[in-house]
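Here are my notes on how the two chains meet. Please read them with the structure open.

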Amino acid sequence: MNIFLPVAGISINLFVLIGAGALVGFMSGMFGVGGGFLLTPILMMIGIPPTVAAASDSCQIVGASASGAAAHFRLGNVDLKLGSILLLGGLAGAAVGVQIIKVLRRMGNADFVIVVTYIVVLGSIGTFMFIESLQSLRRGSMVAKHRPEGRKRSILSKLPMHMEFPRSGVQHSVLVPFLLCALVGILAAIMGVGGGFIMVPMMVYLLRMPMHVAVGTDLFQILFTCAGVTFMQAMSNHTVDIVLAILLMVGSTIGAQIGARVGKRLRGDQLKILLASIVILVMVKMAIGLVVTPSNLLSFAKGH
Amino acid sequence: MSGTTSGRFRRLFLACVASAAAVGAAAGAPTLALRPSVIEMGTFYDGATVRISGTVAEGSQVAVVIRGPEIEESFNKTAKAGPIWINEGKVHVSGVPSLFICFSSAPMERMLNRAELDGNQLDEAAIRGQMIIRPPSMDQPIIRANYLTLKRQQGTFGVVEGVVRMDKGEAGRVSFSLDLPWPKRAAPAAYQVSLYECRDGRVSAQVSAPLEVREVGFPLELARMAKEKAALYGALCVLIAMVAGFGIDFTVTKLGKSNLAGH
């Protein structure tokens, strides 16, 4: 059964789109990652123009993250207080990142910086998460549960404006999540993705948040970030296809619900090792893509 | 005697008229008909088959070409820098139709000479030659070849030889037909279907007809809104996405609770 996508201007099988959405939604619900780094290439593979794929993907992430965030909220996994600070930091960082990209583009080496940033960031996060989770799994307990109470105060903990975040069970200076999230926002803007796969590890390892709360809180901030991106894309590029987004959403919201439930059944370490494996796979694929001769030297131009 | 003479004259006159009519028909312009000539893309549009038919002079071969409007297309170009492949910058291609599909009754190079193929832009080599690439410093032959490969993968470029059916002729004319499964992924636009009557290595006659592919109904209204009322459309997209997300969560939760109650 085919359906015509009015902005993309093409006709595509309904179930292919719903299936693609379900796959990405499952990951979104389970790991708190938006799935943009996976869905846009899938859509391009099935014939959606790249600019429409990227913009409509943002729109469907709004739906998927709303569904995932609501599910996590009921499970007590969303830290609204910390999430709001993260959101502000992320938006500030994204604004800086966009300017950095503009400068790099003018200098002519933006693409090289983007690819290298991808490989370094994904490689570092993935490897660290994988090793840490593996050690934790072998020990048979979560590191977070055995956090020493009287650990040394780091430089970050000496910053002013301390605040307690009871939902996450942590205490930080407001500046810590704000600055860390601004850094993630810069990276996300440079890499052209939502940043969930950087944000979740950052929340777990640097902010010491429990994995499930990190996932729920990340979905909460992704909801607002992607809502902004969708509106901007619709305003400036006219590339958001709402029919495409709704079909992806039908799949992804159902997938997100299943993902959230499956995620709840898994231990934090198991979730972390799965996410680490996916991050490492994406990094390896990118690294291979850098050295293997492409089958076609041209690709459809996609806005960044 | 006079009766016999007048009968001969009448027969001679009729024979002259008949042969003149046959020559006229043989030399007449080819005809081209499309059914349908407008493809409407509604909500559940699932492609369409266009019947292309007509007549040409007996002994001719036929090439039917569908062309999309000429637009400049932009691509990213990858190049090797040391051991790695990175994006070198943008390449802009123009001067060629956005869609080019050619069907013929025989191999194109057997039907037409090179000058005719190039002059009428009728095969891959001709399309390659007419591409305009910006910036001109880019590796031209590779870009031309890669562009066509990309378009072929997209389904918007192709040359299919020997598929136009030629039927038996009548009065110096032969009819032809072709059932064209319209590419589902071809964008709404004003396309041009051209018929080339080929004889002795040359295009002896040519006729064209428009093929309009347009959105209708709900898709048309939505596409129009996305362009003309972008802010409203953007806000609506966000709102719909949020309502859908929370709505599905609500539904799934309700279903889960009712299942638990059932047990």
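How many residue pairs are in polar contact across the interface of chain B and chain A?

1. Polar contacts. The rule finds 13 such residue pairs, with both residues at pLDDT 80 or more. Keep in mind that this is a predicted model.

2. Elements on the chain B side. Two or more residues each come from β5 (73-81), β6 (84-94), α5 (140-154), α6 (217-228) and α7 (230-262) of chain B. Of these, α7(B) gives the most, with 17 residues.

3. Composition. The side of chain B that touches chain A has 34 nonpolar residues. Another 12 are polar and 8 are charged.

4. Extent. In chain B, 54 residues are in contact with 53 residues of chain A. The two chains bury about 4,500 Å² between them. Carbon and sulfur atoms account for 69% of that area. On the chain B side, Trp85(B), Arg185(B) and Asp249(B) lose the most area to chain A. Together they make up 14% of what that side buries.

5. Salt bridge. The count between chain B and chain A is 1. Arg74(A) and Asp249(B) meet through their side chains in a salt bridge, at 2.7 Å from N to O. Asp249(B) is also one of the residues named above for lost area.

6. Strand pairing between chains. Strand β5 of chain A (residues 298-300) pairs with β5(B). The sense is antiparallel, over 3 bridges. Within this pairing, look at Ser299(A): it stands opposite Asn76(B) in β5(B). β5(B) is also among the elements listed in point 2.

Terms used
Residues are numbered from 1 along each chain as its sequence is written. Chains are lettered from A and ligands numbered from 1 in the order in which they are written. This is a predicted model: local features need pLDDT of at least 70, side-chain atom pairs count only at pLDDT 80 or more; totals for chains, interfaces and linings use all residues. Side-chain values use heavy atoms; hydrogens and water are left out. Contact means heavy atoms within 4.5 Å. Buried area is the accessible area (1.4 Å probe) that two parts lose on being put together, summed over both. A salt bridge is a side-chain nitrogen of Lys or Arg within 4 Å of a carboxyl oxygen of Asp or Glu. A polar contact is a pair of N or O atoms within 3.5 Å; within protein, one must be able to donate a hydrogen and the other to accept it, and residues adjacent in sequence count only if both atoms are side-chain atoms. Helices (H or I, at least four residues) and strands (E, at least two) are DSSP runs, numbered from the N terminus. Ala, Val, Leu, Ile, Met, Phe, Trp, Tyr, Cys and Pro count as nonpolar, Asp, Glu, Lys and Arg as charged, and the others, Gly among them, as polar. Two strands pair if DSSP finds at least two bridges between them.
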